[in-house]
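Dear colleague,

I am handing over the structure below, and would ask you to keep it open while you read the notes on cavities and pockets that follow it.

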Amino acid sequence: MESANQTGMIHFHFRPFSKLPEVQMLIFVAFLIMYLVSISGNVSISLIIWINHSLHTPMYFFLANLAVLEICYSSTIAPLTLASVLSTERDFISLPGCGTQMFFFIFLGSADCILLAVMAYDRFVAICHPLRYTLTMSWRLCVQLALGSLVLGFILAMQLTILIFQLPFCSSKEISLFYCDVLPVMRLACADTLVHEATLFVVSIIVLPIPFLLIILSYVFIAAAILKIRSAEGRHKAFSTCSSHLTVVLLQYGCGGLIYLCPSSSYSPERDQVVSVVYTFITPGLNPLIYSMRNRELRDALKRTMIRFLLS
């Protein structure tokens with residue numbers, strides 16, 4: 001146990017996707033493309049919303065915040081993963097480095113999930129109470145809700161990360177994923193982790209099922225309100241503003257639930273590896289495409305911005 005206290009001497013390494021260099025190179029190229037698509041798409045959405053004053057509304061304010069979160073979230077995982085995949089030798093990450101990555105992963109991922117619930121509330125007010133929308137969704141409330149999602153994510157991430165890294169780690173070991181996630185790191189500890197698993201479950205409940213149930217409840221009222229709209233054009237416009245958000249919600253919460261809400265006895269590194277690729281690389285890149293394809297105002301703003309750029 002003496003080495004367990006020498007945390008500065010402990011290093012982890014990530015499990016490679018394949019032992020074949022050719023396969024590793026293909027994975028590197030695929031991940032690099034997905035990361036660049038994610039960054040460019042989310043940066044584009046943020047800039048378009050900032051440049052076009054017609055999009056300075058609560059809905060697009062939250063969407064811009066979500067895009068910035070996705071940029072930071074992707075950048076927490078992707079650069080280190082790309083370096084690890086490209087390296088021909090085993091790359092190590094220190095215990096403090098692993099803790100830092102885990103903190104930002106939990107912080108940004110939690111804030112992302114909570115912000116999606118805030119966006120559902122915004123759509124609920126806009127569609128179910130349109131006459132009170134401007135009064136209810138004031139800019140002050142919008143800023144408070146956006147900051148609240150960050151603060152709650154920060155608190156949950158700080159508590160969980162500190163708790164996990166108070167565990168003794170007896171030696172340098174292999175993490176079964178390509179980044180420092182809670183469950184794989186926790187399984188490397190040479191001590192009982194029952195309390196830590198219970199804490200992770202409580203945090204997961206706060207971040208996943210509770211916001212998801214609030215989103216579903218919001219959409220029940222939204223669906224009822226949409227069905228009362230007489231014009232087909234009005235129903236289509238209301239549905240289009242919600243369908244993109246609902247698609248992102250299903251992707252985000254679906255992947256998160258598969259990883260963090262399954263019983264620990266059913267833990268599968270192979271399954272979590274696949275789901276984590278979707279969660280950390282594919283979903284952040286899909287979100288801008290989903291919003292831009294399903295949202296006419298955003299598409300029109302993108303076209304105007306491109307024409308203005310080409311003519312300048």
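The lining of the second largest cavity is made up of Met59, Tyr60, Leu63, Met119, Asp122, Arg123, Thr241, Ser244, His245, Tyr291 and Asn295, and please bear in mind throughout that this is a predicted model. This second largest cavity holds about 90 Å³ of space, and at least two of its lining residues come from each of α2 (58-86), α3 and α9 (232-260); by class, five are nonpolar, four polar and two charged.

Turning to the pockets, the largest has a volume of about 690 Å³ and is lined by 26 residues, among which Lys237, Ala238, Ser240, Thr241 and Glu297 lie nearest its centre. While α2, α3, α9, α10 (269-294) and α11 (296-311) each supply at least two residues of this lining, α9 gives the most, with seven, and the classes divide into ten nonpolar, eight polar and eight charged.

The second largest pocket has a volume of about 440 Å³, and of its 22 lining residues Pro16, Gln24, Ser84, Ser87 and Thr88 are closest to the centre. Here α2 gives the most, with four residues, and the lining comprises nine nonpolar, seven polar and six charged residues.

With best regards

Key
Residues are numbered from 1 along each chain as its sequence is written. This is a predicted model: local features need pLDDT of at least 70, side-chain atom pairs count only at pLDDT 80 or more; totals for chains, interfaces and linings use all residues. Side-chain values use heavy atoms; hydrogens and water are left out. On a 1 Å grid over the protein atoms alone, a cavity is a set of points where a 1.4 Å probe fits but cannot get out, and a pocket is an open set with protein on both sides within 12 Å along at least five of seven lines; lining residues have an atom within 4 Å of a point. Grid points are joined across faces, edges and corners, and a volume is the space filled by probe spheres set on the points. Ala, Val, Leu, Ile, Met, Phe, Trp, Tyr, Cys and Pro count as nonpolar, Asp, Glu, Lys and Arg as charged, and the others, Gly among them, as polar.
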